[in-house]
Amino acid sequence: MTVTLDPDHAEPLYLQLYTFFKKEMVEGRLIPETKLPSKRKLSIHLGISQTTVETAYQQLIAEGYVKSEPRKGLFVTELEMDMQPIEKEHTEERDSPQKVPKANPIKVDFGHGNIALNEFPFTTWRKLTVQSLYEDESHLLLSGDRQGDFPLRVEIAKYLYQSRGVRCEPNQILIGAGTQYMVTFLSMLIGRERVYAMENPGFHRSREAFKDQGVKLLGINLDQDGIKMEDLRDSEATVVYVTPSHQFPLGMVMPISRRMELLKWAKETDSYIIEDDYDGEFRHTGRPIPSLQGLDHQGRVIYLGTFSKSLIPSLRISFMVLPPPLLSRYQNRFSIYKQTVSRLHQQTLYLFMKEGHWSRHLQKMRTTYRRKQSTLLSLITEKFGKHVTVIGVDSGLHILLEVHNNMTESELISNAEKVGVRVYPTSVYYDSNSLPLTPKVLVGYGGVTESEIYTGINLLHTAWELF
């Protein structure tokens, strides 16, 4: 490990060492679960005292970059990059080891990517997984269809038509490992020479996937109905990525009039619409909104879906429905790419859907999340009153809070973390040159219990001084 420390620098040695490790972790050179050198070995290697190493390590532990496992050592943790607001950092003075802050354990994590794991049907899933491993299913140990196993695509097609109004044949469906993979693949399939656009604010992971493909990407602002059509028409874009059933992160649902405008634009400009329906199953007011794809009669909409919100994130099963022109292009030029999702998981999910477990599980989760949201909103009204504005309550598994207490986004997040509550920035979803005028934080409720909701809101009431 090559570390350059300058004993003549104004910054203490322990802080130089801390900064080195932090940078290596943030930039991905020290990956999660990497074991750090022992204090003794590192102090000998660098020619510094064990106290200096200990102080640097304690700072990393306090800020959550590493974890200590008894009798094993220190290990790099999985960084939650959504916790990094796009704001000018406040510099804290760290003149002496005595100023190393104590870390507060996180009691409540309002992460939007979390789900109600206690509601997952472990017994059923385990039984179907074992069933998929029977000897007469040994063909599942070989490479399968590059688009995904056909029986699963049949079940997905049936579900999409019944629940989301998507009109497609199983041969139009491609299964893949996550939305970012799908976005990357679509960039190649549609063409990197086109100009792409997406909602601003919009899903930052998709934005980065587009940028990593080297495409020209434009951010299009929103109004109360979703993406602003006048701005889209005035742009050079011929591909647009939208979340019409539950705009991420602001939460509005695109009305039928705006959807028809968007389809008209696509037809007139020979453009494509990428419809990301990441959590369209969870609408808390009225019936689920039918998909944009179901209104498309010109083959201009690519539909993206995932099982991450409705089942489990680690399953990494997403899918897209290609319109005929792109399906033909895929079959002619891109069918060399192999399937990225385990056939065992595909088979288990197929059995789960075919035997009716999926529809029952989905209905159960709708009830669970509706109850959690009701508890959350009631508590916010009771504790926060007019001190906050709640945004995006009609659908999904998160809300936004606009807090009227003159704190910045960073202050809201750091003050919450001091009392053991984790909330998330919204600035990461904006183009860096168009940050929101008023700070908002994202509060997800899918993965917290009702008891944790009570605890979290009460702690936030104190942390944000909403008296």
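This report walks through aromatic contacts, strands and helix packing in a predicted model.

## Ground rules

Because the model is predicted, local features need pLDDT of at least 70 and side-chain atom pairs count only at pLDDT 80 or more, while totals for chains, interfaces and linings use all residues. Residues are numbered from 1 along each chain as its sequence is written, and side-chain values use heavy atoms, with hydrogens and water left out.

## Aromatic pairs

Let's begin with the rings: a search of the whole structure gives 21 aromatic pairs. Rings of Phe, Tyr and Trp (its six-membered ring) pair if their centres lie within 6.5 Å; planes under 30 degrees apart are stacked, over 60 edge-to-face, and the rest tilted. Phenylalanine 120 and phenylalanine 122 form an edge-to-face pair, because their planes stand at 80°, with ring centres 5.0 Å apart. Phenylalanine 120 is buried, at 8% relative accessible area, whereas phenylalanine 122 is partly exposed at 45%. Here buried means under 20% relative accessible area, exposed over 50%, and partly exposed in between (1.4 Å probe, protein chains only).

Phenylalanine 307 and tryptophan 358 are also edge-to-face, since their planes meet at 70°, with centres 5.2 Å apart. This pair links distant parts of the chain, 51 residues apart: phenylalanine 307 sits in the loop between strand E10 (301-306) and strand E11 (318-321), and tryptophan 358 in helix H12 (residues 357-384). Helices (H or I, at least four residues) and strands (E, at least two) are DSSP runs, numbered from the N terminus.

## Strand E4 and its partner

In a regular strand the side chains alternate between the two faces of the sheet. Strand E4 (residues 173-176) is covered on both faces, with Ile173 and Ile175 buried on one side and Leu174 and Gly176 buried on the other. E4 runs antiparallel to E11, joined by 4 bridges; strands pair if DSSP finds at least two bridges between them. Leucine 174 has methionine 320 of E11 as its bridge partner.

Strand E15 (residues 424-425) joins E16 through 2 bridges, and tyrosine 424 stands opposite leucine 442. In strand E16 (residues 440-444), 5 of its 5 residues are buried: Lys440, Leu442 and Gly444 point one way, Val441 and Val443 the other.

## Where H11 meets H12

Helix H11 (residues 343-354) and H12 pack at about 80°, with axes 5 Å apart. H11 is therefore roughly perpendicular to H12. Angles under 35 degrees count as roughly parallel, over 145 as roughly antiparallel, 65 to 115 as roughly perpendicular, and the rest as oblique; axes are lines fitted to C-alpha atoms, for helices over the stretch in contact, and angles run from 0 to 180 degrees between N-to-C directions.

Leu351, Phe352 and Met353 in H11 meet His357, Trp358 and His361 in H12, where contact means heavy atoms within 4.5 Å.
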